[in-house]
Structures are given as C-alpha cells and as structure tokens.
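Here is a briefing on helix packing in one model. Look at the structure, then read the points by topic.

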Amino acid sequence: MNLLDKVNAQLKESALKQDKDKVLTLRLIVSAVKDKEIEKRGAGVKDTSIKDEDVIAVLNKMLKQRRESLEIYKKASRNDLAEKEDKEINIIQEFLPKQLDDSETKKACESAIKDSGAVSIKDMGKAMGILKSKYSGSIDFSKAGALLKELLSKWNFQKSI
C-alpha cells in the first residue's frame, strides 16, 4: 500500500469516527497531493502518477508551513491557533518516515563527507547529494546543511594548520 492510499484509508476511518480535526487535515493532504499531480501535468511530465517521494515532499512542505505558523502563533500568544497547528503537525508526522535525531544526522553527515571525498566547503554539494539520495524524507536538510558546513570548515581548518 503506497502512502497516498494510507492517507485515504485514514481519511475514511476518521470520517467514520467523526474526528473532525483529523478529517480536515487529511483532506488538506489529499488536496495538496492532487495539486502536485496537476502541477506535474502542467509541466509536461509524461509520468504524472504520484509516487511516495512526491507525497513525502508535499508532507514535508506542509510540516514546514505548520511549524512556522506555530512559532508565530506562540509569539502572538494565540494558544488556540497554536494548538490547532500542533494537532495538524502530529497528524502529518504520522505519514512521514522516522526522522533522524541529531546524533544520527551527524553520523550521516560524516559518512557522506567520507563517501564523497569532500575536503572543503566547496565540496558541500557532493556530500549533500549523497545525503539526499540516501536519506530523502528522513533527515532535516536545513540542519544537515549547517552541520556539513560546520564539519567541513573544521576539517579544512585543521588541515591547514
């Protein structure tokens, strides 16, 4: 069963249980995935079928939007809206692969540097490419990018001494 089928199955189950919050969030997911499919058709892509990678990309984008909104609502002391965003975040995360924690991310970055033969920040793209191919959907690339930059600058600094 692919990811979109799981979302649709959860949507039906939630509708039967009359879980309004979950139904609304799942409908937003389905709608965003359909938008992605339409976008692919409009771009002239021959294979417009939705794959799990497409769904994960949509979910990650939605998650990022919700987290940004959550921070804004917390700063504005809008606890009602922050609570709603938090519920949506939890529902969206149910469908995403397990995210690597900080220590696992560091190990993955170190491994990517080693595998790519990166020696300076100029080679960061090589290491990032390896991370994207191995850990797509299960790693926070903004954290990984900052960590790669830090590791490569330390390594380059130590090498120049």
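The buried residues of α2 are covered by elements that include α1, α3 (52-75) and α4 (79-93). The model is predicted.

**Helix α2**
- Helix α2 covers residues 20-42.
- Its buried residues are Lys22, Val23, Thr25, Leu26, Ile29, Val30, Val33 and Lys40.
- The 23 residues of α2 should span 33 Å at 1.5 Å a residue. The end C-alpha atoms of α2 are 33 Å apart, so the two values agree.

**α1 against α2**
- Helix α1 runs over residues 3-17. The axes of α1 and α2 come within 9 Å and cross at roughly 150°.
- Angles over 145 degrees count as roughly antiparallel, and α1 and α2 are therefore roughly antiparallel to each other.
- The crossing of α1 past α2 is left-handed.
- On the α1 side, Leu4, Val7, Asn8, Gln10, Leu11, Ser14 and Ala15 make the contact. On the α2 side, the residues are Lys22, Val23, Leu26, Arg27, Ile29, Val30 and Val33.
- By class, this contact of α1 with α2 holds 9 nonpolar, 3 polar and 2 charged residues.

**α2 against α3**
- The axes of α2 and α3 come within 10 Å, with a crossing at roughly 125°.
- α2 and α3 are therefore oblique to each other.
- α2 and α3 make a right-handed crossing.
- From α2, Leu28, Ile29, Ala32, Val33, Lys36 and Lys40 take part in the contact. From α3, Asp54, Val55, Val58, Leu59, Met62 and Arg66 do.
- The contact of α2 with α3 has 8 nonpolar residues, no polar ones and 4 charged ones.

**Helix α3**
- α3 has 24 residues. From first C-alpha to last, α3 reaches 35 Å, close to the 34 Å expected at 1.5 Å a residue.
- Buried in α3 are Asp54, Val55, Ile56, Val58, Leu59, Met62, Leu63, Arg66 and Leu70.
- These buried residues of α3 pack against α1, α2 and α4.

How values were computed. Residues are numbered from 1 along each chain as its sequence is written. This is a predicted model: local features need pLDDT of at least 70, side-chain atom pairs count only at pLDDT 80 or more; totals for chains, interfaces and linings use all residues. Side-chain values use heavy atoms; hydrogens and water are left out. Axes are lines fitted to C-alpha atoms, for helices over the stretch in contact, and angles run from 0 to 180 degrees between N-to-C directions. Helices (H or I, at least four residues) and strands (E, at least two) are DSSP runs, numbered from the N terminus. Angles under 35 degrees count as roughly parallel, over 145 as roughly antiparallel, 65 to 115 as roughly perpendicular and the rest as oblique. A crossing is left-handed if the near helix is turned anticlockwise from the far one by less than a right angle, and right-handed if clockwise. Contact means heavy atoms within 4.5 Å. Ala, Val, Leu, Ile, Met, Phe, Trp, Tyr, Cys and Pro count as nonpolar, Asp, Glu, Lys and Arg as charged, and the others, Gly among them, as polar. The expected span of a helix is 1.5 Å times one less than its number of residues. Buried means under 20% relative accessible area, exposed over 50%, partly exposed in between (1.4 Å probe, protein chains only).
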